[in-house]
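Please report on the fold and packing of the structure shown here.

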Amino acid sequence: MSLTLDVLFGVGSLALVVIGLFLIFGLLHVINLAHAGLMAVGVYAQVSFRGHGVPFWPGVLLAALVAGAVGALVELVVIRRLYARPLDTILATWGISLVVIQVITWNYGPGAKFLDLPTVGATTVFGTPYSSYRLLLILIGAAIVAALGVLVRFSGIGLTVRAVMTNEPLARSHGINTIRARQITFIVGAAFAGAAGALLGPIQGIDPNFGATAVATAFLAVLLAGRTLPGLVLACVTIGATQTLFARYVNAVWASAFVIGLAVVLLRIRPEGLAFRRA
Amino acid sequence: MTEGSGLRSRRLALVALVLGVAAVAVSAASAARAHSTATTFKIGWISGLTGSQATNSQSATQGLAAAVKVINKTHVAGKNIQFQIVTVDDAATPQVASQRCNQLVNQNHVQAILGFESTPSTQACLQYSAPAKIPYILAQTATSGAICDPTYYSLATVGNQQVNPLIDYLAHHGSKKIYIVASDFASGHIGTGQVQDRAKQDGVTVVGNSYEPIGTTDFSSDISKIAAAKPDTVIDILVGLDEVAFYKQFRTDPRSNGIKTGSFLMDDAAAAAIGQKLLKNTIVNTGYSADSTSKGNKQFLAALKAKYGKKAIVSGAAAAAWDGAWILAKTIARAKTTSSSALIGAFANAFYSGPRGDLAFKGKHYVSLASFLVSYDGTKDTIVAKFARIFPIPANPACK
């Protein structure tokens, strides 16, 4: 059972990191290399809030708001001017990432920062005790994906998003403010990155390069996901489970390389992503 | 007064004036010459001020600056010798280390290099300093012991100094089965081999080991393996933030209940990041104790406080950098030379008693030094064993 929970944790924590990237890539076609920087904004915001006595969970929400605000600024100043030039957005977001990391370094110093866990106890799942906080992260990852699924499938906002994703000129001709849709998507994606940083901070070391390692795997998941939410779930399960199981039974050092190889093969077979589309 | 005697008087006065001016000129020249004999000795200081080693490097830089202030003020290196520090940041990567050392050697023309670097970064630096016959002194807390170079001297502990006291202590205090989790880099692999060898000698069984890439954020697979192997003690040879992440995940997982942990690479920054609570049941082998009452440690602490006040970071890293500056100054004073190539040979007989106790090379390139075992009980840390002097056995058998 503990191995199952480890796999679920691998999938859930990956989903937390991926969700913001997926939104931005899926709707805006922007490969957001500033995602790690936005995660760092979230975790450092949480460090500051905790330092000022803000409880952990409200701190996560506030950290998401801070990262969202930074995302709004980035979208307004840089990304909006580059929507027609997708390759340039890669360079621009990479540059933004460098700026964000440097600003964090100026403000907080280059050294490690620390976040206490909100809970250090264990919870028994089917007779197996497991870290309560890791269980919470699994549940939060699943809840966010489920909520996003409901939002996209059943709400007016979701309809707007799907319309813009499917055919932006047609959506615009029907009176949808596509610029606003893009802006909101980027802000929400940035806020998710900030929340992921704030949530993962307590079980990781924190420095200005926070998130860089996790984002590399997350990009693979986004590429595998295609542009559908079921694809995202499948990609997170495939990569998260493979990485955890390969590290457990074969070799942790080669797990990342194996996952990259697997992603390349899967993309060769299914270039449109893992999810099946209805005919 | 006759005209002749008046003329003579004027001549005498003129001669006196000329002599006076000459005397003043000679005196001034002499003073100027005396002033010009104040020699500046340029030291290149290379550490990872950004990147994974930033916290320790900042602390080490404080230790160095405090040492240089005292050394220059009290003329430790020689009456007219003043240290000048050229600081560069290697970002904790060998590629940047290579560029920065090129700069130190070929642009700044430093006469010695003090480094707070990893083994790969040190090797990258030596590509430039060694051919130029510039001594490189590793002022670190721990190193792999893989480097052998005539221009290289290490003030860091090597495998046997790190591993043996810890494994011996654990073996004598009930550990029978250990599991090793290490970072996938030179020191991790070397350290794993040394732990395995020492455990075998002590009659302790190694029930498993695993390597994780540097930068690992999820240690679930290791925790599963550890739980399956059922050790009584886990030895971690993880570096930097990876070690912090491991303890935060391992110690909050119920599968770690009843398992002790031991570390010989854990530095002060990592221990602070993990926190007393999660370090419960952990033994750490360290080369520096801030609680030491030695004269060397008192001087170190006073100098650090005088220079940095409340911002002073007392750590093994700061003590190692302090030691580096002092042993360099003492060696220059004993050798009576500031020639880089002459100093290289002089280091073999260098010794210094500082915050980390008695340091001596004794003809080798790695230092013999003291060691402390610190035990964490969840609320405080206590020194449980001291080793006065441990002679180094570098991992590379070619090293002297």
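Predicted model: local features only at pLDDT ≥ 70, side-chain atom pairs only at ≥ 80, totals over all residues.

Residues are numbered from 1 along each chain as its sequence is written, while chains are lettered from A and ligands numbered from 1 in the order in which they are written.

Chain A holds 11 helices and two strands. Helices (H or I, at least four residues) and strands (E, at least two) are DSSP runs, numbered from the N terminus. Their order along the sequence is α-α-α-α-β-β-α-α-α-α-α-α-α.

| Property of chain A | Value |
|---|---|
| C-alpha span along principal axes | about 55 × 45 × 35 Å |
| Buried share of the 279 residues | 51% |

Buried means that 20 or more other C-beta atoms, placed from the backbone, lie within 10 Å of a residue's own.

Helix H8 (residues 178-200) of chain A has 23 residues and reaches 33 Å from first C-alpha to last, close to the 33 Å expected. The expected span is 1.5 Å times one less than the number of residues. Of the 23 residues in H8(A), 18 are buried.

The largest nonpolar core has 205 residues, and A:Val18 and B:Ala325 are among those that touch the most other members. Helix H1 (residues 2-28) of chain A gives this core its largest share, 18 residues. Such a core is a set of buried Ala, Val, Leu, Ile, Met, Phe, Trp, Tyr and Cys residues joined through C-beta atoms within 7 Å.

Definitions and conventions: Buried ≥ 20, exposed ≤ 12 C-beta atoms within 10 Å, placed from the backbone.
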